Amino acid sequence: MLSSLHLNSPLNYATLNCSSTLLPLRGSRRRTRRDVANESLGSTARPARRYPSLSASLAPAREEEERKEKALLPPSLRPESLPRHVAVIMDGNSRWAKARGLPSSAGHEAGYRTLKKMVELSGQWGIRALTVFAFSSENWTRPKMEVDFLMTLFENVLKESLGEFLREGIRVCIIGDSSELPPSLQKLVKEVVDKTKNNTQIDVIVAISYSGRKEITQACQNIARKVKDGLLEPEDITESHITEELETNCIPEFPNPDLLIRTSGELRLSNFLLWQSAYTELFFTNTYWPDFGEADYIEALTSFQNRQRRFGQRIN
Amino acid sequence: MLALIDLEMEKHGRKPEPNIFGSVWRFLRRCLFLVLALGPMPNHIAFIMDGNRRYAKRRNVKEGTGHGVGFTTLTSVCQYCFEMGVKYVTVYAFSIDNFKRKPEEVQSLMDLMKEKIDELLEEESIVQKYGFRINFWGSLDLLSEPVRLAAEKAMAHTASNTGPVLSVCVAYTSTNEIMRAIKKSCARKRLGTRGYANCDGESVCEDIDGCVTVADLEENLDTADCPDPDIVIRTSGETRLSNFLLWQTSLSHLQNPNPLWPEFSLRNLIWAILEYQKIYPYLEARRRLAKKEN
């Protein structure tokens with residue numbers, strides 16, 4: 001039954017070229033409906049970045065690297081149609097473990113291995129950003145033992161993988177309410193984010209203790225502070241101001257995911273990247289997260305390639 | 001099908017003939033809905049009415065015809081929902097992004113909207129029959145004057161109805177709605193420095209940072225007096241929200257049946273509800289957890 005929800009459209013993928021005005025329009029010129037429509041798209045409707053960008057200024061080493069990456073791309077995937085930013089709701093670890101008669105901790109550990117593989121594949125195939133939903137603000141209500149295990153797992157992963165992040169050029173950003181995390185984890189998070197901030201191969205955003213609604217509310221608070229300080233008038237607030245205040249602005253070029261994958265058959269967003277998913281293509285799969293492998297990822301990316309993204313307009 | 005014929009006849013001012021088949025069909029429908037209601041029923045269903053143009057193209061008819069048939073589908077779906085006891089129905093009629101379409105198409109959609117809003121308020125329309133309240137959500141100031149006035153008239157005319165609620169999102173995007181809510185919250189909080197009572201109704205809030213909460217934003221959204229959708233159905237098989245109720249659909253069950261909107265029938269609607277009923281226990285548990293956390 002749920003298979004009917006997977007999109008297997010024969011439609012061809014089309015790249016949209018839209019101009020968008022990011023700055024608020026001031027002065028005596030009246031804002032037209034087209035202006036409001038342009039603002040609402042913000043940075044989501046940029047033309048798909050051609051990958052790789054082979055300008056003459058590229059160093060030979062980078063060219064060589066890109067040739068290698070192209071060679072690693074599976075034949076069914078076209079580099080120019082890949083999503084730039086993929087988001088994943090890594091759902092199903094506990095159910096995977098329960099189905100095998102294992103404790104939920106085994107599911108989370110298996111889930112970590114899957115994540116590692118996915119980051120590796122994303123880097124190889126040229127996906128520029130990966131956002132993963134590791135721990136939601138609602139997850140704090142889970143049994144204390146499970147929560148403590150997860151916090152320990154996050155700490156161990158960050159400690160052990162720091163060297164790999166530096167070697168592989170992975171830039172790590174952590175979004176969510178870090179004040180709720182154990183102090184040792186908070187300190188480690190700051191250290192990892194700081195040490196990897198100059199890496200350029202791939203951006204990995206990990207959402208820990210995250211809630212989409214709270215993120216938007218926090219952005220509102222930041223904007224309210226600007227209003228209070230006289231830096232901004234309430235009537236001049238635009239969607240771009242809000243986008244800039246969201247935590248995903250750590251990747252200013254493409255803060256909004258092009259593709260969102262949710263595993264384990266659940267069909268909802270569960271308070272993840274609510275603002276950012278306005279035009280995101282959603283892909284749902286029944287596979288539990290620990291079982292999500294290369295073949296499933298290729299299926300998701302192929303499905304994305306076959307979709308026709310219109311952003312509210314007509315494509316003739 | 002017979003229900004559609006009834007509606008079409010009502011639309012043209014003719015009472016449907018007392019029709020044995022119509023009565024039998026209505027009776028069977030009621031029995032079917034009674035059986036369906038043995039399981040948990042959604043309180044609020046939202047529809048992204050996608051596929052009108054493709055419908056017209058497939059049948060080699062004028063583009064506007066697809067939208068016209070789409071409206072008929074809307075009235076029949078509303079009728080079925082209200083008969084089933086679904087209290088709130090929300091539809092995504094026209095997005096702010098749609099203003100970027102060709103001016104002729106935008107104009108014809110505006111004309112169609114005005115015509116249909118006026119029809120809804122007619123004596124023997126479905127609104128009068130079910131006594132439902134109509135909301136129009138969105139930046140209504142972006143609409144052309146006749147449409148905006150018709151929408152405001154419809155809202156005023158049905159404001160005191162106590163039946164089901166039909167909310168039509170027109171000149172709407174969710175990011176625009178959230179932005180307007182943030183503007184209102186910020187404007188109010190700025191007033192707070194001059195004596196506005198703070199969020200717990202006590203002394204003036206000197207530090208506005210602690211005062212902007214999730215609840216503050218929610219009460220300034222267009223959807224403030226409406227519960228979150230239980231199900232979001234996007235027809236024509238597309239799997240994205242297209243900037244529709246992003247804040248409100250966090251825990252909604254997302255469905256994307258393949259039929260185009262004008263082809264969406266009672267059978268598809270019943271299937272959607274059965275899918276929802278299957279997943280209901282898990283959804284309810286998640287909602288309780290989310291409430292506890294908030």
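Let's start with strand 3 of chain A, residues 170-175, which is mostly covered: six of its six residues are buried. Strands here are DSSP runs of E, at least two residues long, and helices are runs of H or I, at least four long, both numbered from the N terminus. Buried means under 20% relative accessible area, exposed means over 50%, and partly exposed sits in between, with a 1.4 Å probe and protein chains only.

Before I go on, this is a predicted model, so to speak of local features we need pLDDT of at least 70, and side-chain atom pairs count only at pLDDT 80 or more, while totals for chains, interfaces and linings use all residues. Residues are numbered from 1 along each chain as its sequence is written, chains are lettered from A and ligands numbered from 1 in the order in which they are written, and side-chain values use heavy atoms, with hydrogens and water left out.

Back to that strand. In a regular strand, side chains alternate between the two faces of the sheet. Which residues sit on each side of strand 3 of chain A? On one side you have A:Ile170, A:Val172 and A:Ile174, on the other A:Arg171, A:Cys173 and A:Ile175, and all of them are buried. The strand pairs in the parallel sense with strand 4 of chain A, residues 202-210, over six bridges; pairing takes at least two DSSP bridges between two strands. One of the partners to look for is A:Ala207 in strand 4, across from A:Ile175.

One more stop in chain A: A:Ser264, in the loop between strand 5 (259-262) and strand 6 (281-284). Its phi is near 75 degrees, a positive value in a residue other than glycine. Buried or exposed? A:Ser264 counts as buried, at 7% relative accessibility.

Over to chain B, with 10 helices and six strands. Of its 294 residues, 56% count as buried. Take contacts, meaning heavy atoms within 4.5 Å, between residues at least 6 apart in sequence: 75% of those in chain B join residues at least 24 apart.

Strand 2 of chain B, residues 88-95, has seven of its eight residues buried, so it is largely enclosed by the rest of the structure. Strand 1, residues 44-48, runs parallel to strand 2 and is joined to it by five bridges, with B:Ile45 partnered by B:Val89. Strand 2 also pairs in the parallel sense with strand 4, residues 165-172, over seven bridges, and there B:Val91 has B:Val168 as its partner. Strand 4 also holds B:Ala171, another residue other than glycine with a positive phi, near 50 degrees. B:Ala171 is buried, at 0% relative accessible area.

Last, helix 2 of chain B, residues 20-36, where you'll find B:Val24. B:Val24 counts as partly exposed, at 42% relative accessibility.
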